[in-house]
Amino acid sequence: MTKQNVVVSDADSQIMNMAISVAVSNSSIFSAAAEKPPMAPGGYISISRKRLMNLKNLDIINGGERLTSWVDSMKASSPTHIQSSPCLVKGQSSWMLQHPSALDTFDKIIEVSQGKQIVMFLDYDGTLSPIVEDPDRAFMSDSMRKTVKQLARCFPTAIVSGRCRDKVYKFVRLAELYYAGSHGMDIKGPAKGSKYKKGSQGVLCQPASEFLPMIDEVYKLLVEKTKSTPGAKVENNKFCLSVHFRCVDEKKWSELASQVRSVLKEYPQLRLSQGRKVLEIRPTIKWDKGKALEFLLESLGYANCNDVFPVYIGDDRTDEDAFKVLRDRGQGFGILVSKIPKETSATYSLQEPAEVMDFLQRLVEWKRQAVRSQAML
């Protein structure tokens, strides 16, 4: 691999120094074979030790291009940059041509999904619930919960979130869903089994279990280190950590960045990435929301099927991993939830959770009409 030099301004140096080497590999934990993985006792999906060992390779940054992208991403989400965000609206019309509204193109979406099994994947924060200052109060509305419940009756449905799986479940409170917490590093199926997968009482995948002691240790260090920064909040999501900065004053941003960097420099086994107004700290295994999507499709028996149509809806940078998987598979599509143009691998767009709910309701109604029409034949 050819090394490249990256030159940044002094103002950017503090942000750049936060970058932690991350791993990217072209290998996949999933076999190209069509066979389903063997079931372990109790109805859980098992992953071989060999496959798990392949996840633990540490990554390096691929030259200057990825580092520059990471720095730009950090700057784009900093409090200072957010205040100047109206300039990002330029090119809105052009962007919408490339990523049209999923509501405006609903009939086209239904047309290309005909004869295929739709499988729904939904992010939580910013998708099913609005982004709020206090992450502990990111409640979904009763109408959204009712809509998601109806959706799960029509299609296999999973919540894929950076949050701790137990916390997401407390927000959603729907036992019939699949839940993938900690960016997909903690996956569990419906408590009473699923009508879409016969003979299974649940799905369980925790590829980063050995990192739990380290995550807890770093969590305590970050809480202590960041307590002097007003507005900063460290959230323990079991297999990953989130440092929320949406309430941090712009003058304190560099200080917070330095605090996080000072803790993580002693833990090369952890990597740092940026989400929407949050810094994410995760183990350096090759696992993300895209891998979680693949795992769930495999566990449902759709790993190598041509008649499956996955739909992933999310608003965060971490959702791009899932969008890319769908694009590379050439199946289904991603929907980005955003009011402003963003670089994305998603095919369609929606502006806010209210539009997400409208889209899901239309899907439910379409499915019900299709079932009624079939019954009349």
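**Note on the predicted model: cavity, cores, aromatic pairs and backbone**

1. The lining of the largest cavity draws at least three residues from each of domain 1 (85-206 + 287-376) and domain 2 (210-283), with bounds that come from an automatic or database domain assignment. The model is a predicted one, in which local features need pLDDT of at least 70 and side-chain atom pairs count only at pLDDT 80 or more, while totals for chains, interfaces and linings use all residues. Residues are numbered from 1 along each chain as its sequence is written, and side-chain values use heavy atoms, with hydrogens and water left out.

2. The search of the whole structure gives 4 cavities of 30 Å³ or more. A cavity here is a set of points, on a 1 Å grid over the protein atoms alone, where a 1.4 Å probe fits but cannot get out; lining residues have an atom within 4 Å of a point. The largest cavity holds about 250 Å³ of space, a volume being the space filled by probe spheres set on the points. Its lining comprises 22 residues, of which Asp125, Arg163, Val278, Glu280 and Asp316 are the closest to the centre.

3. By residue class, the lining of the largest cavity has 10 charged, 7 polar and 5 nonpolar members. In this count Asp, Glu, Lys and Arg are charged, Ala, Val, Leu, Ile, Met, Phe, Trp, Tyr, Cys and Pro are nonpolar, and the others, Gly among them, are polar. Strands E9 (241-244) and E11 (278-283) each supply at least two lining residues; strands (E, at least two residues) and helices (H or I, at least four) are DSSP runs numbered from the N terminus.

4. The largest nonpolar core has 51 residues, and those touching the most other members are Phe121, Ile187, Val218, Leu222, Val260, Leu270 and Ile281. Such a core is a set of buried Ala, Val, Leu, Ile, Met, Phe, Trp, Tyr and Cys residues joined through side-chain atoms within 4.5 Å. Buried means under 20% relative accessible area, exposed over 50%, and partly exposed in between (1.4 Å probe, protein chains only). Domain 1 and domain 2 each give at least three residues to this core. Another core, of 39 residues, lies apart from it and includes Leu128, Ala152, Phe155 and Ile313.

5. There are 10 aromatic pairs, a pair being rings of Phe, Tyr and Trp (its six-membered ring) with centres within 6.5 Å; planes under 30 degrees apart are stacked, over 60 edge-to-face, and the rest tilted. Phe245 and Trp253 form a tilted pair, because their ring centres are 4.6 Å apart and their planes stand at 55°. Both Phe245 and Trp253 are buried.

6. Tyr312 and Phe323 are an edge-to-face pair, since their planes are at 90°, with ring centres 5.6 Å apart. Tyr312 is in strand E12 (residues 308-314) and Phe323 in helix H12 (residues 320-329), so the pair ties together parts 11 residues apart in sequence. Relative accessible area is 0% for Tyr312 and 1% for Phe323.

7. Most residues other than glycine have a negative phi. Arg173, in the loop between helix H8 (165-172) and strand E5 (178-181), has a positive phi near 55° and is exposed at 52% relative accessibility. Ser182 also has a positive phi, of about 50°, but is buried at 0%; Ser182 lies in the loop between E5 and strand E6 (186-188).

Methods
On a 1 Å grid over the protein atoms alone, a cavity is a set of points where a 1.4 Å probe fits but cannot get out, and a pocket is an open set with protein on both sides within 12 Å along at least five of seven lines; lining residues have an atom within 4 Å of a point.
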